[in-house]
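Trainee: Could you walk me through how some of the helices and strands pack in this one?
Mentor: Gladly, let's take it piece by piece with the model open.

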Amino acid sequence: MKIAFILPDLRAGGAEKVCINLATDWIDKGHSVTFVLMNRRGEYLKGISKKIKISSLKKKKLRQIFFPLLSFLYNKKPDIILAQMWPLTSITVLAWLASFKIGKLFLVDHVHLTSSVEREIFFPKKIFKLILKITYLFANKIIVVSNGVKKDLVQISEKLEAKIKVIYNPLIKKKKIKLKNISSLKKKIWGKDTKYGILNIGSLKTQKDHFNLIEAFSLLKFRKNCKLLIIGDGPLKNKLKKYVKSKNLDKDIIFIKFEPNLQKYYETADLFVSSSKWEGFSNVIAESLSYGLSVVSTNCKSGPSEILKKGKYGDLVPIENPKKLALAISKSLQKKYDKNLLIKRSEDFSVSKISKKYLKLIYNEK
């Protein structure tokens, strides 16, 4: 099949990683895959398979992509179209209808949309719901990354329920190398006087609520024995650094620029903490489990509770509550989970399993 992923770009993000994983697996199965990007940019461009084709629409604004996208559909005639992330999903529906429905169209939502629109995109809620109700009904299927995301869409329009299929995100396909002298490596990364290494990975934006995480870290009773590494980039980076400095924590909280291979951080950390206000799935939680790394997460809408099975595989705390987050971090550092149990849970999100679910849905949709 000729499969087209429609994406804004390939900057570091969960949705982009999911697409790369699936595309790599499908290329191995003999399919042709093209990434159709608004702009050819992003950290992931360097690392993806050369067999994945890149088609850039060369547009910066969403309102400019309708005709270039329509042209792509007419000229390339993909069999399968996987449009990612609203409002790009709705625009793709319009271009697809204008092309007289070339190929099968699948819309994929990676976040709790209502939360994202209200608290990050700041798009008028009534207009958003109207656009979604009209456009989403035309798609062959709507794929969502958690039951929480499905529930959110169904609350917007019950008519969508029959079209929605929940498929969890696949774990990042990575080559694990055996790291030598973990003890020495840990001292190098976290510092020789650090007893507990706490890890966070995520874009530095409102959704991830790093201010909550920093506040929680400041409340830890044994903070002097801890170090927090925050890996990622984003619009709030400077504000977060200033906030850390105002609390005199700049020696204990370190910001690190995102890099594709994070194995050394996962393997030397003692705990992974997610402080998000909302999620769709949370790839980094699933990836932490694959390393046997204990997890503490906010019980946000949606994803973490499903991955951690309501607390069976990690501790869950209310959002925007630094005191409870600090308490959970303290308890988890002293308790820790069975590594083998966590790794086994992560296998439920393997690329092979998730890829089969996507292909089964694609093949069965007429």
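Trainee: How are H8 and H13 oriented to each other?
Mentor: Bearing in mind that this is a predicted model, the axes of helix H8 (residues 210-218) and helix H13 (residues 322-335) cross at roughly 60° and come within 8 Å, and the two helices are therefore oblique to each other.

Trainee: And is that crossing left-handed or right-handed?
Mentor: The crossing of H8 and H13 is right-handed.

Trainee: Which residues meet there?
Mentor: From H8 come Asn-212, Leu-213, Glu-215 and Ala-216, and these meet Pro-322, Leu-325 and Ala-326 of H13. By class, the residues of this contact between H8 and H13 are five nonpolar, one polar and one charged.

Trainee: What else does H8 lie across?
Mentor: H8 lies across strands E8 (196-201), E9, E10, E11 (271-274) and E12 (295-298), and H8 runs at about 170° to E9.

Trainee: OK, switching to the sheet, what's the strand order?
Mentor: The open sheet is formed by six strands in the order E10-E9-E8-E11-E12-E13, with parallel pairing. E10 (253-256) and E13 (315-317) stand at the edges, where each has a single partner strand, so one side of each is left without a neighbour in the sheet. On average, and with direction ignored, neighbouring strands of this sheet are turned by 20° against each other.

Trainee: How many bridges join E9 to E10?
Mentor: Four bridges join strand E9 (residues 226-231) to E10, and the two run parallel; among the paired residues, Ile-231 has Ile-256 in E10 as its bridge partner.

Trainee: What about Ser-274, is it buried or exposed?
Mentor: Ser-274, which lies in strand E11, has a relative accessible area of 5%, and because buried means under 20%, Ser-274 counts as buried.

Trainee: Which residues does Ser-274 touch?
Mentor: Leaving aside residues up to four places away in sequence, Ser-274 touches Asn-200, Ile-285, Val-296, Ser-297 and Thr-298.

Trainee: Last topic, then: at roughly what angle do H4 and H5 cross?
Mentor: The axes of helix H4 (residues 113-121) and helix H5 (residues 125-136) cross at roughly 145° and come within 10 Å, and the crossing of H4 and H5 is right-handed.

Trainee: And which residues make that contact?
Mentor: Leu-113, Thr-114, Val-117 and Glu-118 in H4 meet Lys-125, Phe-128, Leu-132 and Tyr-136 in H5, and by class the contact of H4 with H5 has five nonpolar, one polar and two charged residues.

Definitions and conventions: Residues numbered from 1 in each chain as written. Predicted model: local features only at pLDDT ≥ 70, side-chain atom pairs only at ≥ 80, totals over all residues. Heavy atoms only, no water. Axes fitted to C-alpha atoms, helices over the stretch in contact; angles between N-to-C directions. Parallel < 35°, antiparallel > 145°, perpendicular 65-115°, else oblique. Left-handed = near helix turned anticlockwise from the far one by under 90°. Contact = heavy atoms within 4.5 Å. Nonpolar A, V, L, I, M, F, W, Y, C, P; charged D, E, K, R; others polar. Pairing = 2+ DSSP bridges. Buried < 20%, exposed > 50% of the residue type's maximum accessible area, 1.4 Å probe, protein only.
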